[in-house]
Amino acid sequence: MSKYVPQLVPESENVEQKQLAQQLFEQQFKCSAQIVCHAPGRVNLMGDHTDYNDGFVLPAAINYGTTIAASSRQDNVIKVYAHDCEQQTNEFSLNEITFDQQLMWTNYVKGTLQALMAKYPDIKGANLVVTGNVPQGAGLSSSASFEIAILKTFSQLYQIDLEGVSAALMGQQAENNFVGCNCGIMDQLISAMGQKNHAMLLDCKDLSFEDAAIPEDLVLFIVNSNVKRGLVDSEYNLRRKQCEKVALYFGVSALREVTLAQLNSAKEQIDPVLFKRARHVITENTRAITTFNALKQNNMATISTVMKASHTSLRDDFEVSTKEMDGLVAIIESVLGANGGVRMTGGGFGGCVVALVPKSMVEQVKDVVSSRYEEEFFLKPSFYLCTATQGAFR
Ligand code: GLA
């Protein structure tokens with residue numbers, strides 16, 4: 001049997017995307033763009049629904065992202081062409097930023113620029129062409145990569161000395177205050193500050209972080225269940241509220257401050273659903289740190305066990321998985337055994353599972369998933385074989 005060498009999305013991917021953005025810019029605006037910027041999407045290896053509890057997460061930036069070709073303008077007008085959206089063009093003035101009920105994508109541009117202008121009110125307009133390859137609504141942070149790409153673009157166009165953590169906070173502000181999603185900081189921060197070939201352990205309490213190399217023989221193997229994500233925002237915001245209630249019960253600012261022993265000793269006093277939510281968050285924080293250390297030691301047996309425990313906790317305690325994601329995890333687990341790890345990733349309610357797969361097993365996993373997933377769930381899976389890339393501000 002010949003040894004299989006997986007076809008990873010080549011590093012030149014961004015180069016091609018940048019060339020495309022430049023070409024499209026020339027078509028739209030009849031001149032060359034001054035700059036072309038890129039920001040990556042992300043996959044989270046461990047620590048879901050912990051970021052808004054001041055906890056720990058372990059994401060990596062991936063080689064799928066958003067690219068923007070841009071030129072500055074003398075006036076305050078923003079003209080955008082979004083190549084991958086149905087209604088592709090939009091124009092607005094920086095003097096009058098209002099929420100667009102029809103054209104959702106434009107709100108990411110508007111919200112992000114509003115957050116940027118709160119600190120840098122002197123920026124002027126721009127002509128922009130946007131293109132990207134992060135699948136939308138799959139839990140790989142297409143919107144965070146869009147926000148960070150906008151911030152990178154404007155920081156370059158107007159020589160603003162913006163560093164990555166501030167950019168991430170502005171992206172999150174756009175989501176929280178303009179778009180209306182109460183997300184945490186993970187997605188924007190990894191898109192801004194990820195390091196090539198590394199995963200990042202981020203402490204969401206003080207935004208300090210440390211990187212761990214992803215062992216060379218492992219592939220970030222992402223499978224999209226292709227289940228249309230439903231009720232995402234309302235369920236997400238409900239989970240946040242439930243976590244806040246438990247924190248309030250203990251009189252602390254966030255669940256990060258509660259230990260498992262404290263939670264267990266209050267079991268009889270806490271509503272059983274809230275108890276499960278809190279148990280997920282507290283144990284998931286520990287799993288993020290354990291996985292980070294295991295990555296550094298290339299200890300696959302531990303990674304495998306911990307990823308399994310995380311999926312179970314997201315499924316049973318936090319209740320954000322779906323039967324299709326559970327099915328994908330079970331299928332992949334049956335091939336990998338202790339040679340790799342797999343879990344659902346991101347906010348949940350559909351979207352992707354992530355697996356750490358030895359290069360030598362990639363083809364086998366792909367084959368088994370291709371045949372069994374469709375047989376059991378009547379859906380075709382999509383595969384993203386990723387490498388960890390550099391964040392836009394690193
Ligand atoms: C979404 C949010 C993140 C995080 C994850 C769950 O991706 O944007 O802030 O809460 O869900 O871990």
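In this predicted model, the buried residues of helix α5 pack against both strands and helices. The strands are β1 (35-46), β2 (56-72), β6 (198-203) and β7 (208-213). The helices are α3 (142-157) and α4. Helix α5 is mostly covered, with 8 of its 8 residues buried. These residues are Met186, Asp187, Gln188, Leu189, Ile190, Ser191, Ala192 and Met193.

Two packed helices are described by the angle between their axes and the distance between the axes. Helix α4 spans residues 164-179, and helix α5 spans residues 186-193. Their axes come within 8 Å and cross at roughly 145 degrees. The crossing of α4 past α5 is right-handed. On the α4 side, the contact is made by Gly164, Val165, Ala168, Gly171, Gln172 and Glu175. On the α5 side, Gln188, Leu189, Ala192 and Met193 take part. By class, the α4 contact with α5 comprises 5 nonpolar, 4 polar and 1 charged residues.

Thr131 lies in strand β5, which covers residues 126-132. Its relative accessible area is 3%, so Thr131 is buried. The Thr131 side chain makes a polar contact with the side chain of Asp84, at 3.3 Å. Beyond residues up to four places away in sequence, Thr131 touches Gln17, Leu20, Ala21, Gly65, Thr66, Thr67, His83 and Asp84.

The cysteines were considered next. A disulfide is a covalent bond between the sulfur atoms of two cysteines. The structure holds 0 disulfides. The cut-off for such a pair is 2.5 Å between sulfur atoms. For Cys204, the closest cysteine sulfur belongs to Cys183 and is 11 Å away, so the two are too far apart for a bond. Cys204 counts as buried, at 7% relative accessibility. For Cys386, the closest cysteine sulfur is that of Cys352, at 9.0 Å, which is likewise too far for a bond. Cys386 is buried as well, with a relative accessible area of 3%.

Note on methods:
Residues numbered from 1 in each chain as written. Predicted model: local features only at pLDDT ≥ 70, side-chain atom pairs only at ≥ 80, totals over all residues. Heavy atoms only, no water. Buried < 20%, exposed > 50% of the residue type's maximum accessible area, 1.4 Å probe, protein only. Axes fitted to C-alpha atoms, helices over the stretch in contact; angles between N-to-C directions. Helix = DSSP H or I, 4+ residues; strand = E, 2+ residues; numbered from the N terminus. Left-handed = near helix turned anticlockwise from the far one by under 90°. Contact = heavy atoms within 4.5 Å. Nonpolar A, V, L, I, M, F, W, Y, C, P; charged D, E, K, R; others polar. Polar contact = N/O pair within 3.5 Å; in protein donor to acceptor, adjacent residues only side chain to side chain.
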